[in-house]
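Colleague: Could you walk me through this structure and tell me what stands behind each label you use?
Modeller: Gladly, let us look at it together.

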Amino acid sequence: MNNMSGLRRRLFHKGQILRLPEHLVGPSLATLASSFVGPDAEIPPEVSIDFGKLTFIEPVGVTFISNLCHWLAHQGCKVTFLNTDVRSEALIYLDDSQFFEQHTRKKLSPSSAPRSTTRPLQRVLQSSSHAWLTSNLIPWLASRLSVSEDDLYQLRICLSEIFNNIKDHTAHDVGSIFVQHFPNSNTVSIAVADFGVGIPETVRRIRPELSDNAALVQAAQEGFTSRSTHQNRGAGLDYLMRAVVLANGGFVTIYSRRGAVKFSRGASGLQAEPIPGGGFCPGTTIEVHIRTDAIRSDDE
């Protein structure tokens, strides 16, 4: 026991290397840092993130890894990057998304720039999120999709509720957001993350017996609230599920604490599918995946 404790202290003293997988996609997110990140984990003084093997990253991965870096820094952990000179498509994508500029204040390539199909990685204060959605994201997305801003009213309300969730579940009034339009598949992926206490912790104020996955499913049920008044219910996840999953036919994936659940439309309504693998997500990451060919006009 003493030898193991001494080894653990030396590992924490030297810091740790977090090697990203070849494909940073949904199922691999929550298990990404499970070796040293958890509810009761002792955070090492320094973590080096190794990009050497990374060849593909989904939009939600951009937000997740950025939020993890911010969370570690907030815990007093120094975050450094390794093998960023490997010019894989994933690293070029991250560079164009302003990931490295945000975290190191320097691009990997002087020629990198946000792509026309993305809203680059942003840190948005909850207090200014509604103005940012109205003046930045929604006009850009309406232009991309050749629809009116009124046609995206439901989506704007959904995203506003997600930012309200940040206010209700964390003392840090800021969240990360990244948006990718896939015109060839008629889809848009929107990922928002914070490093608050997490949705399961809030749900367990009312339902203490629930696991993290069960708490995420409960939070998405219509009529459920963990707030003292309906007007201040917090997550607004039931509206998100009705608008994005049931009406639009898209899907929503939520990673929070030790929970990870994908919500999609099934034969009998809302279908909740736990993502296997376990792991841990600091705070909450919500991926909203909408079908652009199913957006109805305001008249409809």
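Colleague: What makes a residue a contact of Ser 176?
Modeller: Contact means heavy atoms within 4.5 Å. Leaving aside neighbours within four places in sequence, Ser 176 is in contact with Thr 63, Ser 66, Asn 67, His 70, Gln 122, Arg 123, Ala 191, Val 192 and Ala 193. Bear in mind that this is a predicted model, where local features need pLDDT of at least 70 and side-chain atom pairs count only at pLDDT 80 or more, while totals for chains, interfaces and linings use all residues. Residues are numbered from 1 along each chain as its sequence is written, and side-chain values use heavy atoms, with hydrogens and water left out.

Colleague: Why is Ser 176 called buried?
Modeller: Buried means under 20% relative accessible area, exposed over 50%, and partly exposed in between (1.4 Å probe, protein chains only). Ser 176 has 0% relative accessibility, so it counts as buried.

Colleague: What joins the side chains of Ser 176 and Arg 123?
Modeller: A polar contact of 3.2 Å. The term covers a pair of N or O atoms within 3.5 Å; within protein, one must be able to donate a hydrogen and the other to accept it, and residues adjacent in sequence count only if both atoms are side-chain atoms.

Colleague: Where is Ser 176 placed?
Modeller: In strand E7. Helices (H or I, at least four residues) and strands (E, at least two) are DSSP runs, numbered from the N terminus.

Colleague: And Asn 67, is that residue buried or exposed?
Modeller: Asn 67 has a relative accessible area of 2%, so it is buried. Asn 67 is found in helix H3, and among the residues it touches are Arg 123, Ser 176 and Asp 194.

Colleague: How do you know which strands belong to the sheet of seven strands?
Modeller: Two strands pair if DSSP finds at least two bridges between them. Strands E8 (residues 187-194) and E12 (residues 281-291) run antiparallel and are joined by eight bridges; one example is Thr 187, whose bridge partner in E12 is Arg 291. The open sheet has the order E6-E7-E8-E12-E9-E10-E11, with antiparallel pairing.

Colleague: What makes E6 and E11 edge strands?
Modeller: Strand E6 (118-125) and strand E11 (269-274) each have a single partner strand, so one side of each is left without a neighbour in the sheet.

Colleague: Which aromatic pair is edge-to-face, and why is it called that?
Modeller: Rings of Phe, Tyr and Trp (its six-membered ring) pair if their centres lie within 6.5 Å; planes under 30 degrees apart count as stacked, over 60 as edge-to-face and the rest as tilted. A search of the whole structure finds eight aromatic pairs. Tyr 93 and Phe 178 form one that is edge-to-face, with 5.9 Å centre to centre and 80° between the planes. This pair links distant parts of the chain, with Tyr 93 in helix H4 (residues 89-96) and Phe 178 in strand E7 (residues 174-182), 85 residues apart. Tyr 93 counts as buried at 9% relative accessibility, and Phe 178 is buried at 0%.
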